[in-house]
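The sequence and the coordinates are shown first, and the discussion follows.

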Amino acid sequence: MSQLSPRSVTRALSRWLRTASCSVLVLFASYGEAAAQQFSFRQYAQSDGLTNLAAGYLLTDPGGDIWVGTDGGVFRFDGTAFVPYDKSLGLPSETVRGMSLDPWGRLWVTLDRGLYVGNVAGFEAVRSAEGPVLTDHSLPIAFLSKDRVLVARKSHVLELSREPPGASSPGAAVIWRATPFFSAGQVKTTPDLDEVVSLFTERDDVLWLGCGKQLCTVSDGHVRSWGAGDEVPEGAYGAFLLDRSERLWVRSEAHLLMRAPGTAKFVVNDPPHAKLESRVVEPMLTLDSSGRLLTRTAPGFARWDGARWQEFTSDNGLSDSVIAKAQVDGEGSLWLSALGLGVWRWRGYDNVESWTRAQGFISQKVWNIVRDHDGKLLVGTERGCQMLDEAAARIAACPFEGLPNIEVISLAVDPKGGRWWGLENSQLWTIPAHETRARLVPFPEGKVTVSVISFDHTGVGWIVCYTDGLYRLDPTTSQLRKVELPRADARIYDITEDRAGTLWVAASGGIFRFAQNRWDFLPIHNEDGSPGVFSSIVATPDGALWASNFGKGLLHAQGANLERRDWVKPEIIADASVYSLRTDLHGRLWANTDQGAVIFDGSNWLRIDVEDGLAWNDTEAFAFLPDADGSVWIGTAAGMTHIRDPDRLLHPQGPLDLRIASARLGDRVLDVEHETAVPWRADAAFDVRFSSHNYSRSPRTEFRYRLLGLSSRWFGSRSPEVHLPALDGGRYELEIMAVDAPHARESRLMTMAFEVLPPWWRTLTFRICVMALGMLLLSLAWRYQSGKLRARRLALEQEFRERQALLERATRDALTGLWNRATILDFLSRELLSAQRTGAPLALAIIDVDHFKLVNDTYGHPGGDEVLRELAHRLGTALQHNYWLGRYGGEELMVVFPGLSYAGATTPIERLRECVSERPFALHEFSVPLTVSIGMAWCESTTDTVHDMIRRADTALYAAKDSGRNCVVYPPAPRDPNVEATGSRRYMVELRDRLKREVQKQG
């Protein structure tokens, strides 16, 4: 984790000019080398409901749902989970051989048993009079109209024509007529028509086919073959695509062809590594949200931007698997299906890119980022200076001579282009503009710790040296002079210049101001009256100052003496450590924190973290650069991230999407669009499931809901499901909205109304009858007496239930459900008396979770609570029913073992330890391995007390901790080998005494 210290860094950027080289390539010239950036992906697997990870097909329907075809059937992702489409929805859970979406939003799926068509509501088999319609693998299909479809079966093209409804018999299943599409004469003239591998209908009603090793077209009944004379190399062409410029793209296993509108021939435009040698479902062609073409390559996939190819492989963070398909969702995010590895969503697609050790960093801890006057992006790291080679998109060594290759604490560029380094060895180094040799700049007092280097609008440099004070630097002469500050004992952290040219220095106890050639100190206290310690400071274009105050929030101040002050601590940084503050070219405030980068645009606070593509959540102090093109660079503890267009993150397309996916009352499905009336049932629970097509929303998105008619109170949950017990009769209205606090977004309010009809005994008719009957039978005393007795019985039953519930709460631990401390100690006391009375063995175990504090520190107390609940479940499952398990306190559990002898204790006790360590604990997407230490004690004499046993078990527990944990420590073997025969000895003694008394009575 980053800590603000003398090692914290800054860079003040004056004037910079980014040099960019843009060369317009000829459309079909050549492709560029693959970029080496690291990108962020979110994998969807079994925990998200995708039980089969062999995802070979991927589609996005008009409603925004993601459909996945796998070796285990079809799944639909509605934003919350993958829902399998099995036999209950008309589609068997078998290997999907092909998927296609028609222009009317219907999904066509082919399995080994036949072709199916359907949508969200369900699927039905496509059948002809002869039976199920079978198609070739990869589903060669083309759509002539809604009721006319072309498919390939054994490489022959069949035309499926939907029979009119009721043509066979009313209510019968839909029947499709299957007939050969080509006549015998056409096949004889063009034999390749019997070797069709793909079908595609162009917008001008021209049918394209991958036929044999070439292409064929059918237009107005005329068949044409496209071969070598049309610049079509031999190959099995399995994919077609028409882009936004009406260009036709065709893909085979080795080549990619393009035909521009109005041209007679194709042009070969192969991507890098075009030959597909691994097993593939079919060649991939798709468009991203910007209309750029994506196609599969041997090691990954490539993107054509109209001028050059860019290839993406596992070097960029892709899965090391065949990328079968790619799709774009409504937010522009790119989805990839990886054979055997599930589905992957590209976080921050085409907007967020990172560089890590895989791209050349010798140390992933990025302290500084600046751009010099030569256009070089210089990076200060924990192990020296490095540079981004933007042409190769890789990190390289800085091309300078004489600069020590040690940790860079601070890095800046002066207005004339000179580069300045403050290093870990307390030295200041500089390299003039356009030069490469470094030279040492000595401090008058010798070595000092350089924290921040900044240059004001006049070109004067200011060196912040934490406890060593502030130095003024003349970059022309490299002369340093120490500044005499009003409070020499104050520690200083950061410096900024406002639009009036006033300098402000963040310090302990307040803020220094330099104006009109005079230094003043403005003491500032926190809201609680304690002295402020300001770790970073920045001036914004509106004339205000922002300063971060260790754990106390942000100071927002204005005025010559900062007399107008506000303490700002928005919820988004309430639990975050703010390391540094800076502004971008648009005047927006950026805060580097331990939970990501936080932006304030004047009205909304937004956090960018790993879910948005950031290299790591723990950003570094002052590692922030606003570039000339409006993009920003952020340094983290795991690399450097470049956000090309922050506005795309600040202003997503539209509000959060929220839908009610399903609603049920018992076994009745409720209409989410119209009010539904359903009869009351005592066992009919109300279940609602929400969905959202904002797949990039934060995991912290909260669903807030209330059910008017039951309660007007709002409830919040991160689960997309609501379950309520049976409802009484009446009218209800569900209101729900989603709130994505990190991205400052919320959905519109969704409502759903329904009515639960009262049971027949609550209807008005029944009530009138009861009133009449009651008046007639009022005189019957026994009826009245019976009612009183019934009411009394109900009251007694209610009282009994309340007492039972109270007893349960009094004896059970609320978190784990185990016996609480008082109850388990009572059991121990009872069993100890019994053991001492009967001589039966009694054992006691105290169990403690190893390193449990680390679990709470890492995953929070909710995570620790989840671990304790799972621990209680595992131990309870592993114990025999005659043993007592309770929570002794904190993460310590106690087990009382009546009848467990010393000799036979190893097996059951070790079983308890192994049930914890044998598999990790699951905390959301994390896997947490845990172990326990166990201390054992036995009842050793009739004088033992509960405290004696606990003391011995506790001593054994500490011995287990000292022995390395994850073990059981037993007490030494009993000194008396007959210790377990105490009851028998007592019986013999009593028998002997009775015999003596009998002898004495008889003389």
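How many disulfides does the structure hold? The model is a predicted one, and it holds 2 disulfides.

| Disulfide | S to S distance | Torsion about S-S | Handedness |
|---|---|---|---|
| Cysteine 211 and cysteine 216 | 1.9 Å | about 90° | right-handed |
| Cysteine 385 and cysteine 398 | 2.0 Å | -70° | left-handed |

Why is the disulfide of cysteine 211 and cysteine 216 right-handed? The torsion about its S-S bond is about 90°, and the disulfide is therefore assigned as right-handed. Both partners, cysteine 211 and cysteine 216, are buried.

The other link joins cysteine 385 to cysteine 398, with 2.0 Å from S to S. Its torsion about the S-S bond is -70°, and the link is left-handed. Cysteine 385 belongs to strand 34 (residues 384-389), whereas cysteine 398 sits in the loop between strand 35 (394-397) and strand 36 (408-413); the pair therefore ties together parts that are 13 residues apart in sequence.

Is cysteine 385 buried or exposed? The cut-off for a buried residue is under 20% relative accessible area. Cysteine 385 has 9% relative accessibility, so this residue counts as buried. Cysteine 398, with a relative accessible area of 14%, is buried as well.

**Further cysteines**

Cysteine 939 has 18% relative accessibility and therefore counts as buried. Cysteine 967 takes part in no disulfide. Which cysteine sulfur is nearest to that of cysteine 967? The nearest one belongs to cysteine 915, at 15 Å. With 19% relative accessibility, cysteine 967 also counts as buried, because the cut-off is under 20%.

**Helix 5**

Helix 5 covers residues 821-838 and has 18 residues. From its first C-alpha to its last, helix 5 reaches 26 Å, which is close to the 26 Å expected at 1.5 Å a residue. Which residues of helix 5 are buried? They are Thr823, Ile824, Phe827, Leu828, Glu831, Leu832, Ala835 and Gln836. Glycine 839 follows helix 5, and the phi of this glycine is positive, near 85°.

Key. Residues are numbered from 1 along each chain as its sequence is written. This is a predicted model: local features need pLDDT of at least 70, side-chain atom pairs count only at pLDDT 80 or more; totals for chains, interfaces and linings use all residues. Side-chain values use heavy atoms; hydrogens and water are left out. A disulfide is a pair of cysteine sulfur atoms within 2.5 Å. Buried means under 20% relative accessible area, exposed over 50%, partly exposed in between (1.4 Å probe, protein chains only). Helices (H or I, at least four residues) and strands (E, at least two) are DSSP runs, numbered from the N terminus. The expected span of a helix is 1.5 Å times one less than its number of residues.
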